[in-house]
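Subject: Structure handover

Hi,

Here is the structure I promised to pass on. Please load it first, then read the notes below.

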Amino acid sequence: MTLSVRNVAVAAALSAALCTALAGCGGGSGTSGSGSGNQAARMGTPGASAPPSSGASAAAPQAAGSSPAAAPPPAKAPTLAPGPNGLTPVFERAKQQTDKTVALTFDADMTSDQGPRAAGGEHFDNPQLIATLRTLKVPSTIFMTGRWAEEYPDQAKAIGTDPNFEIANHSYSHHAFTSPCYGLPALDAAAARADVDRASAAFRTAGAVNTVPYFRFPGGCYDDQALRAISTAKVTAVQWDVVSGDAFAKDPDAVAEQVLTGVKPGSVAVMHCTRSAAPVTEEAIQKIVPELRKRGYRFVKVSELIGK
């Protein structure tokens, strides 16, 4: 089965080397994968709402000042109907493209074997970014790996009980669901399906309740086999149409300009919530948010875009 990958010109030359260094950066390099299925399978059609696949449970009381008051878990989040032959549907951008809304999404990446690096002081989290999103009141979707939630359970809980955010599944291990994918080790179909469930379990263990039935493939790489492998998870796969280029970037102005140039009504922008791999994202957000608001844009979570 052929993997179709759409290359974005900016930062493409660095993508393979940089993503390999991060063990796959979830698309922030400037490249997103797209499946070999037809457009109906990729974009999907509005389907019946489904409860979050994570089986969210109630969170324990929060420490004073740790985050805004927790909201109850969303009863249902909109999903897309399965594609042909029951393939997992894929969402890239809102079909309603006249409303000036945009979803900023942030991949909280950590691979299953990066524990020693974290123990050695490498920061895969970015609490200042989350604080800035709260301060600026930017509703956001965080695509979190299960390994990240295990490493930073307090932050996962604080994000996952904050009504400003929703947590979506970015796999447990950040291994590839198809190959090749930036040198990531690949999972077979059974392991891929189990990886999705393991991530959801990590969110529950951390106490995150604002979870939604959306999934982002590590590296953005997928094909029909990958879509079939996770079809029983009843999730909508979420890609993007705007690449921020924040992975390993050193210039926040360049990241901001890339986002501002790419955003259109209904866009989904991919960024990162990982200090070691995306150190200037928080600075870029301080430029992106006021400028897009000046242009008349409203920030929404992915669930609102899919619900249109």
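Start with the sulfur link. The bond between C181 and C221 is right-handed, with 80° about S-S. Bear in mind that this is a predicted model. The two cysteines sit in distant parts of the chain, 40 residues apart. C181 is in the loop between β8 (165-169) and α7 (189-206). C221 is in the loop between β9 (211-215) and α8 (224-229). The S to S distance for C181 and C221 is 2.3 Å. That falls within the 2.5 Å cut-off for a disulfide. The count for the structure is 1 disulfide.

Burial of the cysteines comes next. C181 has a relative accessible area of 2%, so it is buried, since the limit is under 20%. C221 is buried too, at 3% relative accessibility. C273 comes out at 1% relative accessibility and therefore counts as buried.

Now the rings. The structure holds 5 aromatic pairs. Take F215 and F217 as one of them: the ring centres are 5.0 Å apart and the planes stand at 90°, so this pair is edge-to-face. The cut-off for that class is over 60 degrees. F215 and F217 are both buried. F217 also pairs with Y222. Here the centres are 5.3 Å apart and the planes are at 20°, which means the pair is stacked. Stacked requires planes under 30 degrees apart. Both F217 and Y222 are buried. One aromatic cluster takes in F177, F215, F217 and Y222.

Two arginines sit over rings. R198 lies over the face of Y172, 3.8 Å from the ring centre. R216 has its charged end over the ring of F143, at 4.0 Å from the centre.

S200 belongs to helix α7. Its relative accessible area is 4%, so S200 is buried.

- C181 and C221, for the right-handed disulfide.
- F177, F215, F217 and Y222, for the aromatic cluster.
- R198 over Y172.
- R216 over F143.

Best wishes

Key: Residues numbered from 1 in each chain as written. Predicted model: local features only at pLDDT ≥ 70, side-chain atom pairs only at ≥ 80, totals over all residues. Heavy atoms only, no water. Phe/Tyr/Trp six-rings, centres within 6.5 Å; stacked < 30°, edge-to-face > 60°. Buried < 20%, exposed > 50% of the residue type's maximum accessible area, 1.4 Å probe, protein only. Lys NZ or Arg CZ within 6 Å of the ring centre and 35° of its normal. Helix = DSSP H or I, 4+ residues; strand = E, 2+ residues; numbered from the N terminus.
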